[in-house]
Amino acid sequence: MKSMRPERLVRLAIKNLGQYKLRAGLTMLGIIFGVCSVVAMLSVGEGANREIQEKIQRMGSQNILIKSVKVPKEGDAPDSKRSMIAAYGLTYEDAQQFSQYVPNLEASTPMKVLRYDVQYKARKLQTDVIATTPWFLRVQHYRMVRGRFLTSSDMEYGTPVCVIGSRLARILFAGVDPVGKTLNIDRDAYTVVGVIGDIAQGELPTQGELWLAGENQNVYIPLRTYLNKRGDLFVQLSEGGGVFEKIELHELILSIDKQENVTRAVDAARRILRKNHKVEDYSIVVPLELIRQARETRRLFNIVLGSIAAISLIVGGIGIMNIMLATVSERTREIGIRRALGARRSDIVFQFLMETLLLSTSGGVIGLIFGALIPMAITAATGVKTVLTFPAFAIAFSVSVTVSVIFGIYPARRAALMDPIEALRHE
Amino acid sequence: MSVPIVELRSAVKEYVNGSLRVAALRGIDLRIDPGEYAVVMGASGSGKSTLLNLLGCLDHLSSGDYLLGGENISQFSDNQLSEIRSRRIGFIFQSYNLIPQLNVLENIEVPLFYQGIPEAHARTKAIALAERMGLADRLKHKPMELSGGQQQRVAIARSLVCDPLLMLADEPTGNLDTKTGNEILELIDELHAEGKTIVMVTHDDDIAGRAQRVVCFRDGQIISNDWNGAPKP
């Protein structure tokens with residue numbers, strides 16, 4: 001037995017759908033909206049997800065970030081300028097104990113983060129100066145753009161050198177090669193030896209809140225040099241007085257050898273800090289935990305998204321079934337005629353399924369186009385990052401087609417199982 | 001003696017209506033030879049439509065045998081019957097039964113479509129038949145754009161497209177005025193003259209006069225089986 005060739009079926013389906021252009025269009029709309037919303041939602045979701053992942057990844061999944069936090073003391077009136085020096089935060093003692101007692105510790109990177117005016121010739125701006133160690137670069141996965149980073153000899157001898165962020169290089173040195181030039185940091189002269197990469201770097205996160213993407217405009221100097229020049233007391237004069245702060249270390253990055261050891265290391269670090277500090281004048285950020293949280297959030301997001309997508313696609317499918325049932329009952333006589341003229345039941349099934357398939361695939365394609373355009377428009381209008389991924393397209397399209405075919409089977413079978421004699425008599 | 005086109009042996013057709021069994025055909029024996037033009041007459045409900053549906057392989061017998069061209073098709077499956085309909089039977093209906101969204105040529109091609117005959121071949125055949133039916137200038141028209149007589153010509157062309165063994169006509173002039181109806185009947189006479197085997201259901205005695213043979217039905221039984229002027233073979 002011969003069966004009809006697919007291209008003939010397709011042409012027949014186009015002709016048949018052509019009879020009901022408005023109806024076919026409206027039915028397709030259901031699929032278009034379904035596919036389009038799925039693709040758009042997945043793109044926005046994926047964009048947000050990538051952004052979060054990137055930020056967290058940049059902090060280093062094997063790192064533990066510990067930061068000094070200023071805690072207002074009880075009974076210490078905010079306007080009391082009598083308490084001369086505020087001493088808080090991480091201490092060298094903490095750092096030393098971490099190195100000794102935190103298991104699987106690979107590197108401990110101490111940092112002092114201070115805000116100073118930096119000046120090159122007539123240009124001047126206030127920025128973060130980070131006094132740290134040579135391995136900071138490796139721990140934070142930064143890249144050098146020019147020159148070198150701080151070295152161990154800088155550390156040992158306290159040489160007055162600095163490495164600057166690429167954004168700062170652009171602002172202060174505007175066109176001039178900064179390497180070899182002298183940069184004044186709060187009146188101390190430092191020689192620029194390198195430029196660090198254009199990586200998003202702002203404030204480090206506290207309590208899981210994420211910092212904004214931006215270019216690097218920090219200045220990095222050897223910790224030893226800074227200590228030699230300024231010590232641990234930070235003085236900043238402002239109107240009506242000044243701020244005197246004694247903080248030994250502003251931040252400390254503990255790098256653990258493997259991800260699976262991070263949790264244990266965090267516990268150890270927490271114990272040490274709890275023992276050494278009466279008040280909690282520190283915060284611990286574990287990027288790995290943030291990643292886990294982000295994954296959990298994403299999983300939840302996916303479930304919600306999946307349900308919405310499933311509902312919208314099922315609604316589209318029901319729309320198709322509805323229309324096909326109406327079409328089948330309207331075309332009962334045609335079915336009778338075709339059966340009388342030799343159509344097998346399967347021919348009738350395929351005829352109607354092909355119409356369904358045509359509706360859903362063309363609706364699906366149009367939906368994909370809009371689904372791709374909408375995220376682009378969102379990005380253009382709001383700057384929110386969106387990512388179009390192939391799986392999103394594939395899932396939306398194939399699910400919509402599958403759903404509609406499943407919903408198309410019932411009407412098609414109903415058409416095929418009609419008694420031809422009854423169908424011919426149908427008015 | 002040639003193989004009969006139609007041979008019914010004690011053919012019974014019963015419908016089950018709830019707990020009630022209604023017999024539409026009560027043990028019919030009927031034989032139609034090649035080239036015969038038989039008219040089936042009878043009041044409505046006499047079983048003549050049932051006969052036509054059975055002859056057209058749209059229905060199964062409840063008991064008895066149906067031999068079409070010597071082949072017993074009583075036990076054929078739905079698919080096999082579909083195949084027979086597309087290859088061996090030509091239907092002409094009272095209400096033409098053309099497919100509205102298809103044009104004249106496409107309507108004529110439908111049976112070939114289900115035989116899987118290549119399109120170019122089908123097209124040639126359809127054009128030839130349409131021209132023969134005097135529809136040469138209407139090939140791309142939709143049924144709605146044609147007169148009743150023209151539509152019935154399309155239907156006849158469609159019934160001829162598969163070179164059927166048996167042509168079945170169900171009151172083909174019932175929806176037409178006398179003049180147009182006569183034209184259609186002349187066309188059928190012509191086909192008969194060419195040697196087609198035709199079975200036609202009608203109420204009209206005048207039409208019956210054209211046929212070579214008249215089979216009358218009442219209550220599911222044949223009450224007369226006359227050869228107009230010709231001796232019973």
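Predicted model: local features only at pLDDT ≥ 70, side-chain atom pairs only at ≥ 80, totals over all residues.

Colleague: In what order do the strands of the six-stranded open sheet of chain B follow one another?

Modeller: The general idea comes first: strands of a sheet pair through backbone hydrogen bonds, and the pairing is either parallel or antiparallel. In this case the order is β6-β7-β8-β3-β9-β10 of chain B, and the pairing is mixed. At the edges stand β6 (89–92) and β10 (221–227) of chain B; each has a single partner strand, so one side of each is left without a neighbour in the sheet. From one strand to the next, the twist averages 20 degrees.

Colleague: In which sense do β3 and β8 of chain B pair, parallel or antiparallel?

Modeller: Strand β3 (residues 37–42) and strand β8 (residues 198–201) of chain B pair in the parallel sense, over four bridges. To follow one of these bridges, locate B:Val40, whose partner in β8(B) is B:Val201. A further helix belongs to this picture: α2(B) packs on the sheet and touches β6 and β7 (166–170) of chain B, with its direction at about 75 degrees to that of β6(B).

Colleague: How many bridges join β9 and β10 of chain B?

Modeller: Strand β9 (residues 213–218) of chain B and β10(B) are joined by six bridges, in the antiparallel sense. Here B:Val215 has B:Asn225 of β10(B) as its bridge partner. The hairpin of β9(B) and β10(B) has two residues between the strands, and B:Asp219 takes a positive phi near 50 degrees there.

Colleague: Which strands form the edges of the open sheet of four strands in chain B?

Modeller: The order in that sheet is β2-β1-β4-β5 of chain B, with antiparallel pairing. Its edge strands are β2 (20–32) and β5 (71–72) of chain B, each of which pairs on one side only. Strand β4 (residues 63–68) of chain B meets β5(B) over two bridges, and B:Leu67 has B:Asn72 of β5(B) as its bridge partner. Helix α1 (residues 48–55) of chain B packs on this sheet, touching β1 (6–17), β2 and β4 of chain B, and its direction makes about 115 degrees with that of β1(B).

Colleague: How many residues of each chain take part in the contact between chain B and chain A?

Modeller: In this contact, 29 residues of chain B meet 27 residues of chain A. The area buried between the two chains is about 2,700 Å², and carbon and sulfur atoms give 54% of it. B:Gln101, B:Phe113 and B:Tyr114 supply 28% of the area that chain B buries against chain A, more than any other three residues.

Colleague: How many salt bridges cross this interface of chain B and chain A?

Modeller: The rule finds five across the interface. In one salt bridge between the chains, B:Asp78 and A:Arg345 have their closest N and O atoms 3.5 Å apart. On the side of chain B that touches chain A, the elements giving two or more residues are α2 (78–88) and α3 (104–115) of chain B. The largest share, seven residues, comes from α2(B). By type, the residues of that side divide into 12 nonpolar, 10 polar and seven charged.

Note on methods. Residues numbered from 1 in each chain as written. Chains lettered and ligands numbered in written order. Heavy atoms only, no water. Contact = heavy atoms within 4.5 Å. Buried area = accessible area lost by both parts, 1.4 Å probe. Salt bridge = Lys/Arg side-chain N within 4 Å of Asp/Glu carboxyl O. Nonpolar A, V, L, I, M, F, W, Y, C, P; charged D, E, K, R; others polar. Pairing = 2+ DSSP bridges. Axes fitted to C-alpha atoms, helices over the stretch in contact; angles between N-to-C directions.
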